[in-house]
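Let me put the structure up, and then I'll walk you through a few spots on it.

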Amino acid sequence: RRLALKRLRRTLAKGADERRFCDERISAIKMILVTIYGVSGCCRNRFGNPVVFEEINRRSREAMVAAKRVADAKGYQAVYADVDSIFVTRDGASLADYSDLADAIGSETGLSISIDRHFKFLAFPMLRRDRSSAALKRYFGITYDGEVDARGIEMRRGDLPDLIRRFQEDLIRAVFSCRDSAEVLSVGVRM
């Protein structure tokens, strides 16, 4: 149901009530799925079953390894992967190329795979204590459609003042207003 709603959302105009309706349903279904998964392995959950939890994780690892293997074979570099998503890049790849990759991964894994976002630029903040490692589950970027997408950074917090949220989004837009990654690293970060 969630995947069907995501496909439908792509056909709807930004700002339309129908698109907002899809976004709300997608979020609600995801929250239900995350909650069910999270408690499935808990020994205190009388309906939980640790064996099921372990099986979900085993299958997830197998699918992720298969997805990375397909991406590697097609010349893509995996830059980040987490439970249900893989971020890949390849110089000169178009949206159609990424769509072909999603189809190939779907064929290999037997799972329904789709492109959720097509990023123009994407950044993974480094850990404060270890500058050689990226922080897990944290990223921000801008899509080719001009949308800012972020996970694990301040602007995602519900208790953040709108002024700060807008500032952080505007800052991301300014840094990523460049033509290419070399310009982002030379000009964009000085803005």
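So, Arg131 counts as exposed because its relative accessibility is 59%; exposed means over 50% relative accessible area, buried under 20%, and partly exposed in between, with a 1.4 Å probe and protein chains only. Quick housekeeping: this is a predicted model, where local features need pLDDT of at least 70 and side-chain atom pairs count only at pLDDT 80 or more, while totals for chains, interfaces and linings use all residues. Numbering runs from 1 along each chain as its sequence is written, and side-chain values use heavy atoms, with hydrogens and water left out.

Back to Arg131: you'll find it in the loop between β3 (119-123) and β4 (139-143); strands are DSSP E runs of at least two residues and helices H or I runs of at least four, numbered from the N terminus.

Now the other end of the scale. Cys22 is buried because its relative accessibility is 1%, and Cys178 is buried too, at 2%.

Next, Arg1, in the segment before α1 (2-11). Arg1 counts as exposed because it has 69% relative accessibility. C-alpha to C-alpha, Arg1 sits 8.2 Å from Ile29, although they're 28 residues apart in sequence.

Last stop is Ile56, in helix α3 (residues 50-73). At 38% relative accessibility, Ile56 is partly exposed. That's my tour, thanks.
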